[in-house]
Amino acid sequence: MKKTVVVAGAVGVIGRGVLSHFEHQDVELVAISRRKPDFAGRARHLPVDLTDRQSCETLLAQIPEATHLVFAAYQEKPTPAELVETNLLMLKNLVEVLEAHAPQFQHITLMQGGKAYGAHIGPFPSPAKESDPRHMPPNFYYDQEDFLRERSQGKPWSWTALRPEAVIGMAVGNPMNLLMVIAIYGTLAKALGVPMSFPGPRAAWDALYQVTDTRILASAVEWAGETPSCRGEVFNITNGDYFRWSRIWPRIAAFFDVPVGEPFPLSLQQMMADKGPLWQQLTQEHGLQEYPYDRIVSWQFGDFILKTTFDNITSTIKARKHGFADCIDSEEMFIDRLTALREQRFIP
């Protein structure tokens, strides 16, 4: 039986990273997203609306060979309760239909994140461990996880939840992509001849942080799907190191050949709102790939991450104890990823 990996949320930074990881392996790939992927790959695309049960019934019936599901789909909503309703519905529709139509279905990898520990609310006990108690709900991660725990009882398939932080990878048009925030900010600072000041307070400049490269996360997806001890378990997955922006930011500024400046807590969402014409000019002058300015970066997400004034770190010892040892130097990763963006003509 050939492994068939279905990736929900295929055009996002995580989905794209997972598809890239399996691209040259002997597995079948199915990409699920409402929008057609704007990158090359051999995955078969199905334009499924996961909130629409009929869309799921019609299109997912076409992949009875599915064996593994990677659930990285997400829809933003204005309130925590609405986040639960929509994102739980998407998972339920997908799992229930695949379960009915794919007799060889084996495993689900559910993507979670730092919100499981309340990172979106405020300081949490750190390094956070998977055994830590939940915070006061609602939190859609909890509802999705509880659904899988209950639904998988006595079934031939299992699940694993992975908790990355600030996923770093190659994707455009994805709202939660810190790499593009840094890349476009540095490019605009260079074009305007101003320092690439860290756009957060000094407390954020000095706080401990962590990120997860999509290559690490995708490798963890493969490991979780093939390792029996991962069944029904939750794992923190990061690059394996911690850092302070005060150490990494100067090297990022040097990449763009601009001064660092002092930490300066400006609002990226406000100050970058008028830079669309400049970005269009840079795109034409340097022959960059053409993307609308409002699609290439989410300044709101950048403000959220870069203004976090408390340590945001999790323990990855549980994953290592279960056999996952992949790691990468985060400082080197940023330069490597920015270099790839330059080579692929996303930035000059």
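Guide: Two strands are said to pair if DSSP finds at least two bridges between them, where strands (E, at least two residues) and helices (H or I, at least four) are DSSP runs numbered from the N terminus. The model is a predicted one, in which local features need pLDDT of at least 70 and side-chain atom pairs count only at pLDDT 80 or more, while totals for chains, interfaces and linings use all residues. Residues are numbered from 1 along each chain as its sequence is written, and side-chain values use heavy atoms, with hydrogens and water left out.

Visitor: What makes strands S1 and S2 count as paired?

Guide: Strand S1 (residues 4-8) is joined to S2 by five bridges, and the two run parallel; since the rule asks for at least two, the pairing holds.

Visitor: Why is strand S2 called mostly covered?

Guide: Of the five residues in S2 (residues 28-32), four are buried, a label that requires a relative accessible area under 20%, whereas exposed requires over 50% and partly exposed lies in between (1.4 Å probe, protein chains only).

Visitor: Is Asp26 buried or exposed, and what makes it so?

Guide: Asp26 reaches 63% relative accessibility and therefore counts as exposed. Asp26 sits in the loop between H1 and S2, and its C-alpha atom is 7.9 Å from that of Lys3, although the two residues are 23 apart along the chain.

Visitor: What makes the approach of Asp26 to Lys2 a polar contact?

Guide: The side chains of Asp26 and Lys2 come together at 3.0 Å, and a polar contact is a pair of N or O atoms within 3.5 Å, of which, within protein, one must be able to donate a hydrogen and the other to accept it, with residues adjacent in sequence counting only if both atoms are side-chain atoms.

Visitor: Why is Ser55 called buried?

Guide: The relative accessible area of Ser55 is 16%, so this residue falls in the buried class. Ser55 belongs to helix H2 (residues 53-60), and its side chain reaches the backbone nitrogen of Asp49 at 3.0 Å. Leaving aside residues up to four places away in sequence, Ser55 touches Pro47, Val48, Asp49 and Leu60, where contact means heavy atoms within 4.5 Å.

Visitor: What makes Ala166 and Arg345 stand out in their backbone angles?

Guide: Ala166 has a positive phi of about 45° although it is not a glycine, and Arg345, also a residue other than glycine, has a phi near 65°. Ala166 lies in the loop between strand S6 (158-163) and strand S7 (167-168), and at 11% relative accessibility Ala166 counts as buried. Arg345 lies in the segment after H14, and its 31% makes it partly exposed.

Visitor: Which peptide bond of Pro127 is called cis, and what is its omega?

Guide: The bond joining Ser126 and Pro127 is cis, with omega about -5°, and Pro127 is placed in the loop between S5 and helix H4 (140-151). Another cis peptide bond joins Pro137 and Pro138, with omega about 15°, and Pro138 is found in the loop between S5 and H4.

Visitor: How many cavities are there of 30 Å³ or more?

Guide: The count comes to three; on a 1 Å grid over the protein atoms alone, a cavity is a set of points where a 1.4 Å probe fits but cannot get out, whereas a pocket is an open set with protein on both sides within 12 Å along at least five of seven lines, and lining residues have an atom within 4 Å of a point. The largest cavity holds about 60 Å³, and its lining includes Lys3, Val5 and Phe22. Strand S4 (68-71), strand S5 (107-111) and H7 each give two or more residues to that lining.

Visitor: Which element gives the most to the lining of the second largest pocket?

Guide: Helix H1 does, with five residues. The second largest pocket has about 380 Å³ of space, a volume being the space filled by probe spheres set on grid points joined across faces, edges and corners. Of its 20 lining residues, Arg16, Leu19, Ser20, Phe39 and Ala40 are the closest to the centre.
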